[in-house]
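Colleague: I have a new structure to get through. Could you walk me around it?

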Amino acid sequence: MTAIVTGDPAWSEYAEPWVRKVAGDDYLIRTFAVNTCTRQRALNVAVHFRPLSGDWKTEGFFPVPPNGIALMAESTNRNYYLSAQRSDGRAEIGGDKIRDMPAGGIGRFRTFGVADWGDVFHRGGC
(Lines give C-alpha, C1' and ligand atoms only; values in the text may rest on other atoms or scores of the structure.)
Protein backbone atom coordinates (compact mmCIF):
# COMPACT_ATOMS: atom_id res chain seq x y z
CA MET A 1 0.00 0.00 0.00
CA THR A 2 1.36 3.39 -0.94
CA ALA A 3 0.02 6.70 0.33
CA ILE A 4 0.76 9.96 -1.34
CA VAL A 5 -0.02 13.24 0.34
CA THR A 6 0.21 16.45 -1.58
CA GLY A 7 -0.25 19.98 -0.44
CA ASP A 8 0.05 21.61 3.00
CA PRO A 9 -2.48 20.33 5.50
CA ALA A 10 -4.31 22.91 7.58
CA TRP A 11 -3.06 21.95 11.04
CA SER A 12 -5.80 23.93 12.73
CA GLU A 13 -8.28 21.36 11.47
CA TYR A 14 -6.42 18.66 13.41
CA ALA A 15 -5.52 20.53 16.56
CA GLU A 16 -7.31 19.38 19.66
CA PRO A 17 -8.18 22.30 21.92
CA TRP A 18 -7.12 22.14 25.57
CA VAL A 19 -10.01 21.55 27.89
CA ARG A 20 -9.88 22.70 31.49
CA LYS A 21 -11.75 20.39 33.83
CA VAL A 22 -12.61 21.06 37.43
CA ALA A 23 -12.47 18.14 39.82
CA GLY A 24 -15.90 17.27 41.13
CA ASP A 25 -16.72 15.81 44.51
CA ASP A 26 -15.77 12.36 43.21
CA TYR A 27 -12.12 13.47 43.06
CA LEU A 28 -12.03 15.52 46.23
CA ILE A 29 -10.33 14.78 49.54
CA ARG A 30 -11.78 16.50 52.58
CA THR A 31 -9.74 16.32 55.79
CA PHE A 32 -11.57 16.64 59.12
CA ALA A 33 -10.32 16.95 62.69
CA VAL A 34 -12.45 15.36 65.41
CA ASN A 35 -11.97 16.22 69.09
CA THR A 36 -12.97 13.16 71.12
CA CYS A 37 -12.44 14.92 74.45
CA THR A 38 -15.63 15.24 76.51
CA ARG A 39 -14.10 17.73 78.97
CA GLN A 40 -13.69 21.43 78.32
CA ARG A 41 -10.47 21.05 76.32
CA ALA A 42 -9.93 22.19 72.78
CA LEU A 43 -7.82 20.30 70.27
CA ASN A 44 -5.66 22.76 68.31
CA VAL A 45 -5.10 21.59 64.75
CA ALA A 46 -2.99 22.87 61.85
CA VAL A 47 -2.75 21.58 58.30
CA HIS A 48 -0.30 22.04 55.41
CA PHE A 49 -1.97 21.19 52.10
CA ARG A 50 -2.47 22.13 48.48
CA PRO A 51 -5.89 23.79 48.11
CA LEU A 52 -8.18 23.37 45.12
CA SER A 53 -6.51 26.36 43.48
CA GLY A 54 -3.12 27.80 44.21
CA ASP A 55 0.05 26.62 45.85
CA TRP A 56 0.69 24.77 49.11
CA LYS A 57 -0.29 26.64 52.27
CA THR A 58 -0.28 26.21 56.03
CA GLU A 59 -3.29 27.06 58.16
CA GLY A 60 -3.82 26.85 61.91
CA PHE A 61 -3.67 26.26 64.73
CA PHE A 62 -7.47 26.21 64.94
CA PRO A 63 -9.29 25.16 68.13
CA VAL A 64 -11.71 22.27 67.71
CA PRO A 65 -14.10 22.28 70.71
CA PRO A 66 -14.79 19.18 72.85
CA ASN A 67 -16.85 16.63 70.91
CA GLY A 68 -16.43 18.93 67.91
CA ILE A 69 -15.52 18.37 64.30
CA ALA A 70 -13.89 20.78 61.86
CA LEU A 71 -13.19 20.68 58.15
CA MET A 72 -9.48 21.41 57.86
CA ALA A 73 -8.79 21.13 54.13
CA GLU A 74 -10.28 20.38 50.72
CA SER A 75 -7.91 19.24 48.01
CA THR A 76 -7.46 16.99 45.02
CA ASN A 77 -3.92 16.21 46.21
CA ARG A 78 -3.73 12.96 48.14
CA ASN A 79 -0.84 14.10 50.35
CA TYR A 80 -1.05 16.54 53.25
CA TYR A 81 0.54 17.29 56.59
CA LEU A 82 -1.27 17.52 59.92
CA SER A 83 -0.34 18.71 63.40
CA ALA A 84 -2.51 18.70 66.53
CA GLN A 85 -1.90 19.77 70.10
CA ARG A 86 -4.01 19.30 73.17
CA SER A 87 -4.90 22.37 75.22
CA ASP A 88 -2.12 21.48 77.69
CA GLY A 89 0.42 21.86 74.85
CA ARG A 90 1.22 18.16 74.42
CA ALA A 91 1.40 16.89 70.85
CA GLU A 92 -1.48 14.69 69.78
CA ILE A 93 -0.35 14.44 66.16
CA GLY A 94 3.20 15.47 65.34
CA GLY A 95 5.99 14.43 63.08
CA ASP A 96 9.36 15.25 61.59
CA LYS A 97 8.19 17.91 59.11
CA ILE A 98 8.64 21.41 60.53
CA ARG A 99 6.68 24.30 59.07
CA ASP A 100 6.51 27.98 59.93
CA MET A 101 3.08 28.90 61.22
CA PRO A 102 1.20 31.91 59.80
CA ALA A 103 0.80 33.52 63.25
CA GLY A 104 4.42 32.84 64.19
CA GLY A 105 6.26 29.91 65.68
CA ILE A 106 6.64 26.48 64.17
CA GLY A 107 4.55 23.34 63.93
CA ARG A 108 5.66 19.73 63.73
CA PHE A 109 3.64 17.92 61.09
CA ARG A 110 3.09 14.27 60.26
CA THR A 111 2.83 13.29 56.61
CA PHE A 112 -0.39 11.61 55.48
CA GLY A 113 -1.18 10.07 52.12
CA VAL A 114 -4.57 8.66 51.25
CA ALA A 115 -5.30 6.02 48.63
CA ASP A 116 -8.91 6.89 47.89
CA TRP A 117 -10.89 10.04 47.33
CA GLY A 118 -13.46 11.08 49.91
CA ASP A 119 -13.58 12.18 53.53
CA VAL A 120 -10.73 11.49 55.97
CA PHE A 121 -11.20 11.86 59.74
CA HIS A 122 -8.39 12.32 62.28
CA ARG A 123 -9.35 11.85 65.92
CA GLY A 124 -7.61 13.19 68.99
CA GLY A 125 -8.39 14.66 72.34
CA CYS A 126 -7.77 14.63 76.09
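Colleague: How many bridges join strand 5 to strand 8, and which way do the two run, parallel or antiparallel?

Modeller: Four bridges join them, and they run antiparallel. Strand 8 covers residues 106-113. Two strands pair if DSSP finds at least two bridges between them. Strands are DSSP runs (E, at least two residues) and helices are too (H or I, at least four), numbered from the N terminus.

Colleague: Where does this model come from, and how are residues numbered?

Modeller: It is a predicted model: local features need pLDDT of at least 70, side-chain atom pairs count only at pLDDT 80 or more, and totals for chains, interfaces and linings use all residues. Residues are numbered from 1 along each chain as its sequence is written, and side-chain values use heavy atoms, with hydrogens and water left out.

Colleague: Back to that pair. What stands opposite Tyr 80 in strand 8?

Modeller: Phe 112 does.

Colleague: Which way does strand 7 pair with strand 8, parallel or antiparallel?

Modeller: Antiparallel, over four bridges. Strand 7 is residues 97-100. Asp 100 has Ile 106 of strand 8 as its bridge partner.

Colleague: What about the turn in that hairpin? How many residues sit between the strands?

Modeller: Five residues lie between strand 7 and strand 8. Gly 104 in this hairpin takes a positive phi near 105°.

Colleague: Zoom out. How many helices and strands does the chain have?

Modeller: Zero helices and nine strands. Along the sequence the pattern reads β-β-β-β-β-β-β-β-β.

Colleague: How much of the chain is buried?

Modeller: 30% of the 126 residues. Buried means under 20% relative accessible area, exposed means over 50%, and partly exposed is in between (1.4 Å probe, protein chains only).

Colleague: What share of contacts join residues at least 24 apart?

Modeller: 67%, among contacts between residues at least 6 apart in sequence. Contact means heavy atoms within 4.5 Å.

Colleague: Now the core. Which residues touch the most other members?

Modeller: Val 45, Val 47, Tyr 80 and Leu 82, in a largest nonpolar core of 16 residues. Strand 1 (29-35), strand 2 (43-49), strand 4 (69-75) and strand 5 (79-86) each give two or more residues to this core. Strand 2 gives the largest share, four residues. A nonpolar core is a set of buried Ala, Val, Leu, Ile, Met, Phe, Trp, Tyr and Cys residues joined through side-chain atoms within 4.5 Å.

Colleague: Why would such side chains gather?

Modeller: In soluble globular proteins, nonpolar side chains tend to be buried together.

Colleague: What does Val 47 touch?

Modeller: Leaving out residues up to four places away in sequence, Val 47 touches Lys 57, Thr 58, Glu 59, Met 72, Ala 73, Tyr 81, Leu 82 and Phe 109.

Colleague: Lys 57 and Glu 59 carry charges, I think. How do their side chains meet?

Modeller: In a salt bridge, 2.9 Å from N to O. A salt bridge is a side-chain nitrogen of Lys or Arg within 4 Å of a carboxyl oxygen of Asp or Glu. Lys 57 is partly exposed at 35%, and Glu 59 is partly exposed at 23%.

Colleague: How many salt bridges does that rule give?

Modeller: Four. Arg 86, Asp 88 and Glu 92 are linked in a network of them. The closest N and O atoms are 3.6 Å apart for Asp 88 and Arg 86, and 4.0 Å apart for Arg 86 and Glu 92.

Colleague: Is Arg 86 buried or exposed?

Modeller: Buried, because its relative accessibility is 15%. Arg 86 lies in strand 5. Its contacts beyond four places in sequence are Ala 42, Leu 43, Asn 44, Glu 92, Gly 125 and Cys 126.

Colleague: Last one. Where is Arg 78?

Modeller: In the loop between strand 4 and strand 5. Arg 78 counts as partly exposed, at 29% relative accessibility. Its side chain reaches the backbone oxygen of Ala 115 at 2.6 Å.

Key:
Polar contact = N/O pair within 3.5 Å; in protein donor to acceptor, adjacent residues only side chain to side chain.
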